Amino acid sequence: MSRAVPDPEREPHEPTLDGDADLARLVPAEELDDLVAAVERALGARLSIIDRTGRRLAGMPGPDGEPSRRTIMHDGLRLGELEATGAHAAEALDLAATALELVVHHANARDLAGGAHEQAMRLTFAELTEHNQRLSRAVARLEELDRLKSNFLATMSHELRTPLTSVIGYTEMMIEGLAGQVSDEQREYLTTILGKADQLLGLITSVLDVASLESGNLAVDRCALALGELVANEVATFAAQAGRRGIAINLDTRGETTVFGDRRKIRQVVSSLLSNAVKFTPDRGRVTVCVRPGPLSPHDGDCSPAIQLVVTDSGIGISRDQIAKIFEPFFQVDSSSTRAFGGTGLGLTLAKAYVEAHGGRIWVDTAPGKGSTFVATFPAVEARAG
Ligand code: ADP
C-alpha cells in the first residue's frame, strides 16, 4: 500500500511520496504517453512529463525556446513537472495537469485496492492452511483412536470368550450328571445358566465380528445350503416367543432356494431380521417371511438371479432420516436408557456385512407407523456356476 512518508533531508515545503509511490511506478508508461499524445494533438503544443528526480517519463523537449512549467501535485505532494512549448503551451499545461490529476487519482485508487486485496488473500490463505493442518491432525488422531478401538474390541472379545466357553462346558457336564446327581430344580437353574451363557457368547461373537469387519478380516466359510429350510428352522425358534405376544409368523417359501454361503453367518442374518421384526411389532401384530427367487438388486438395475429373503412386519417402522443410520454399528433409533426395546445395535451392521460378503444386498422399505419390509438377497447358485 502506498503511503506518504516525509523525507527529513528534503526542504520542509517540498513534501514527497515514498519510493513506492513515485509517478513512474504509479502510472504505466503507456498511459503517460497516451496523455501526452492526446494533449499535443488537441492543442498543437509540445508536452513532456518529468518525474520528481528530473527523469523524463513521456514526451520530447520542444525545439523552440524555454518551456512553460507546471508542478504536478497529488494530495499536497510533488510528483514531478509538466513542460510545454508552443503557442498554446499554457492551455496544454492546464489540460495536461487536469488529466494527469485524474489519471494519478485512479492509479492511486487501483494501487490501494490491489494492496488491500492482496493482503486479504494472504490472510485467507494463511487461515486456510492453518485450518487444513488442524483438520489433518484431527483426522490422524481419529484414525489412531479408531484403530485402538478395533484392537480393544478384538482383544476383549477374545479374552471374554475363553472363560465363557469353560462356563458353558462345565454347565453342560453338570446337567448331564457328570459331577453327580442333580435334582430337577438344579437342572432347571443350570439350564437357565446355559441359555444365558449362550446368549452372552452370541453377543461377544457379534462384537468380535464387528472388530473383524473394521479390520477387513471377515472370513466366509461357504457351502451349498437350502435357504428355505434354514429360514424355516429360525422361524420355528422364534414362534414360541412371538406367540406369547399374539404375533403370528407366516412363512412362505417358493421355488428353488439354494445359496452358496456361510451357514452361521446366514443364520445370523435371518435371526437378526426376525428378532427385530418381532421386537418392534406390537402385541397381536403380524410378521411375514418369504423366501423366493428374485433379482439381486432391482434398485441398482442389477437383476442377476438371486434368492430373496423378505421379512415384513406391522411394527413401528423407521423414519426416513434414520434409515441410513440403522446399519451403522451400535446405532439404535431409541438409544435412551429408558428405551422399551433391548439389543446392542449390532444386528443390522453384521447382517449387512454378512450379506455383502456373500455378494448380496440388503435394504428396507419402511415408514413410521406403517411397518417395515427388510429384504436381503444372496446370489443364486446357478448365477455363481454361470
Ligand atoms: P438392535 O440390537 O438394537 O435391534 P439392530 O442393528 O438390529 O440393533 O437395529 C438397529 C436399530 O434399527 C434398532 O435399534 C431399531 O431402532 C431399528 N430397527 C431395526 N429393525 C427394525 C424394525 N423391523 N422395525 C423398526 N425399527 C427397526
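1. At 47% relative accessibility, Ala 113 counts as partly exposed, a class that lies between buried (under 20% relative accessible area) and exposed (over 50%), with a 1.4 Å probe and protein chains only. The residue belongs to helix H3, where helices are DSSP runs of H or I with at least four residues, strands are E runs of at least two, and both are numbered from the N terminus. Between the C-alpha atoms of Ala 113 and Leu 148, which are 35 residues apart along the chain, the separation is 52 Å.

2. On the basis of the values, this is a predicted model, in which local features need pLDDT of at least 70 and side-chain atom pairs count only at pLDDT 80 or more, while totals for chains, interfaces and linings use all residues. Residues are numbered from 1 along each chain as its sequence is written, and side-chain values use heavy atoms, with hydrogens and water left out.

3. As to the overall form, the protein is made up of nine helices and eleven strands. Its radius of gyration is 43 Å, well over the 21 Å that the globule rule gives for 386 residues, so the protein is more spread out than a compact globule; the radius is taken over C-alpha atoms, and the rule is 2.2 Å times the number of residues to the power 0.38. Along the principal axes, the C-alpha atoms fill a box of roughly 135 × 45 × 40 Å.

4. Of the 386 residues, 35% count as buried, and among contacts with a separation of 6 or more, 66% are between residues 24 or more positions apart, a contact being heavy atoms within 4.5 Å. The protein exposes about 22,300 Å², of which carbon and sulfur atoms supply 55%; these areas come from the Shrake-Rupley method with a 1.4 Å probe, and for residues only the protein chains shown count as cover.

5. The charge count gives 40 positive and 53 negative side chains, and the centres of the two sets lie 9 Å apart. Lys and Arg count as positive and Asp and Glu as negative, while His and the chain ends are not counted; the place of each charge is taken as NZ of Lys, CZ of Arg, CG of Asp or CD of Glu.

6. With a disulfide taken as a pair of cysteine sulfur atoms within 2.5 Å, the count comes to zero. For Cys 303, the closest cysteine sulfur is that of Cys 290, at 17 Å, which is too far for a bond. Cys 303 is exposed, with a relative accessible area of 55%, whereas Cys 223 is partly exposed at 32%.

7. Asp 75, in the loop between strand S3 (68–74) and strand S4 (77–85), has a positive phi of about 55 degrees and is exposed at 65% relative accessibility. Arg 284, in the loop between helix H6 (263–279) and strand S8 (286–297), has a positive phi near 65 degrees and is exposed at 69%.

8. Helix H3 covers residues 89–175, and the loop that joins helix H3 to helix H4 (184–214) holds Ala 179. This alanine is exposed, at 67% relative accessibility, and, when residues up to four places away in sequence are not counted, Ala 179 touches Met 173 and Met 174.

9. The C-alpha atoms of Met 73 and Ala 138, which are 65 residues apart along the chain, are separated by 57 Å.

10. Val 381 and Phe 260 are 121 residues apart in sequence and 6.0 Å apart in space, C-alpha to C-alpha; with neighbours within four places in sequence left aside, Val 381 is in contact with Thr 258, Val 259 and Phe 260.
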